[in-house]
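Please examine the structure shown below.

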Amino acid sequence: MNTETQVQMPSPKKKSSLSEKTKESLSGYLYISPFFILFAIFGLFPILFSFYLGFQKWNGLGEMEFVGFQNFKWILTDPLFWKSLTNTLYMWVIGTIPQLIIGIILAYALNSALIKAKSFFRVSIFMPYVTSTVAVAIVFGIMFNSQDFGLFNVILGWFGVDAVSWGTSEWGVKIAISTMVFWRWVGYNTIIYLAGLQGIPKELYEAAIIDGATIRQKIQYITIPLLRPIIILTVFTSTIGALQLFTEPLIFIGRTYREEGITVVLYLYREAFANLAFGPASAAAIILFIIIIVISSINVLVANRISR
C-alpha cells in the first residue's frame with residue numbers, strides 16, 4: 001500500500017518592516033521620552049501659555065479678554081516694576097559679583113598644597129548650597145533682626161554704630177538679602193572653579209615657577225585664561241539666578257511686598273496671586289525673559305574679553 005507523503009515546505013519568513021537600527025533608535029527614544037513628556041507638560045506648556053497670557057486680561061477664573069499690548073504698557077509705566085528691577089540689579093551687584101570673585105580665590109586656596117584637610121573644607125564650603133533656602137532665609141532673618149539684640153546689630157554696636165533697621169531701611173534690606181545669596185552660592189561656585197582648576201596641567205605651574213613667576217602672574221596668565229569656559233558658565237548661571245531671585249526676599253520681607261526689597265519675580269508673583277492679574281504678571285515675566293537674555297549676553301561678552 002503506497003502512501004503519499006506530503007512534504008510541506010516552510011513558508012518564507014516575512015521581513016520585519018523595521019530594521020534593527022530603527023528598533024534601537026526607537027528603544028532609545030522610548031527610554032528618554034519620560035523626560036520630554038514631563039518637560040512638555042510642566043516646562044514648555046507653562047512658557048507658551050505665559051506668552052499667550054501676556055496679551056490677555058484674566059483673573060484666573062473667568063473668561064479671557066484679548067487686550068493686545070495693554071499689559072506690557074501697564075507694566076512699563078508702573079513705577080513699582082522699575083523699582084523691583086532696580087532692586088534686583090542692586091542685589092545682583094552686591095551678592096552675585098563678589099561671590100564669583102571670592103569663589104575663584106577660595107578654589108585656588110583649596111587647590112593649593114599648603115591647605116591641609118581639604119576634604120573637610122570642601123564639604124564645609126559646599127554645605128550652604130544643600131541647605132534649605134527657606135531655612136537659610138529664616139536664620140538670616142533672625143541674624144538681621146532690626147532690634148538691638150540682632151546679631152549684626154550687636155556686632156555694629158561693638159564699633160559704636162547705631163542699630164540698623166534691616167527689615168525696613170532701603171539699603172538694609174538689600175544688604176541682608178544679598179548676604180543670604182552670597183552665603184548660599186559662594187560654595188557652589190567655588191566647587192565648580194575647583195573642578196576646573198584640577199583640570200589644569202600641573203606642568204604649567206611648575207614651568208612658571210622655574211621661570212620665576214609670582215602667584216599673581218600664575219593666576220593672571222595661567223589660571224584665569226584656562227578657566228575661561230568655567231567663568232563664562234558661572235557668570236551665565238549666576239546672572240540668571242540673580243535675576244530670578246524670589247525665595248530670599250519673600251521670606252525676609254514677607255507678603256508685605258515692601259518696595260525696599262521687592263524683586264521682579266516677587267513683583268510678578270504679587271500681581272498673579274495677590275492681585276489676580278495674570279495678564280500683567282505674564283507680561284512682566286516676558287519682559288524679565290528679554291532682560292535676562294540681554295544681560296546674560298553682555299556678561300558673556302565681558303567675561304570673554306576679560307579672560308582674554
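Helices (H or I, at least four residues) and strands (E, at least two) are DSSP runs, numbered from the N terminus. The model is predicted, so local features need pLDDT of at least 70 and side-chain atom pairs count only at pLDDT 80 or more, while totals for chains, interfaces and linings use all residues. Residues are numbered from 1 along each chain as its sequence is written, and side-chain values use heavy atoms, with hydrogens and water left out.

The span 29–55 is one of those that UniProt, in an unreviewed entry, lists as "transmembrane region"; the others are 89–111, 123–144, 226–246 and 277–302. UniProt positions are given in the numbering used here, feature names are shortened, and annotations may be inferred rather than shown by experiment. For residues 277–302, the model has 96% helix and 0% strand, with 37 Å between the end C-alpha atoms. The unreviewed entry also carries the annotation "domain: ABC transmembrane type-1" for residues 85–299. Across residues 85–299 the chain is 76% helix and 0% strand, and the end C-alpha atoms are 17 Å apart.

Where is empty space left? Rolling a probe the size of a water molecule over the atoms shows this. The largest pocket holds about 680 Å³ of space, where grid points are joined across faces, edges and corners and the volume is the space filled by probe spheres set on the points. Its lining comprises 20 residues, of which Pro46, Ile47, Ser50, Leu268 and Ala285 are the closest to the centre. Helix H1 (20–53), helix H12 (264–273) and helix H13 (278–307) are the elements that each give two or more residues to this lining, and H13 gives the most, with 8 residues. By class, the lining has 17 nonpolar, 3 polar and no charged residues; Ala, Val, Leu, Ile, Met, Phe, Trp, Tyr, Cys and Pro count as nonpolar, Asp, Glu, Lys and Arg as charged, and the others, Gly among them, as polar.

The aromatic rings come next. Rings of Phe, Tyr and Trp (its six-membered ring) pair if their centres lie within 6.5 Å, and planes under 30 degrees apart count as stacked, over 60 as edge-to-face and the rest as tilted. By this rule there are 26 aromatic pairs. Phe55 and Phe72 form a tilted pair, at 5.2 Å centre to centre and 50° between the planes. Phe55 lies in the loop between H1 and strand E1 (56–57) and Phe72 in helix H2 (residues 70–76), so the pair ties together parts 17 residues apart in sequence. Phe72 is buried at 13% relative accessibility, whereas Phe55 is partly exposed at 24%; buried means under 20% relative accessible area, exposed over 50%, and partly exposed in between (1.4 Å probe, protein chains only). One aromatic cluster is formed by Phe45, Phe49, Tyr52, Trp58, Phe246, Tyr269, Phe273 and Phe278.

Gly54, in the loop between H1 and E1, is buried at 0% relative accessibility. Leu276 is found in the loop between H12 and H13; this residue, which is not glycine, has a positive phi near 55° and is partly exposed at 46%. Lys116, in the loop between helix H3 (79–110) and helix H4 (118–130), is exposed at 62% relative accessibility.

How values were computed:
On a 1 Å grid over the protein atoms alone, a cavity is a set of points where a 1.4 Å probe fits but cannot get out, and a pocket is an open set with protein on both sides within 12 Å along at least five of seven lines; lining residues have an atom within 4 Å of a point.
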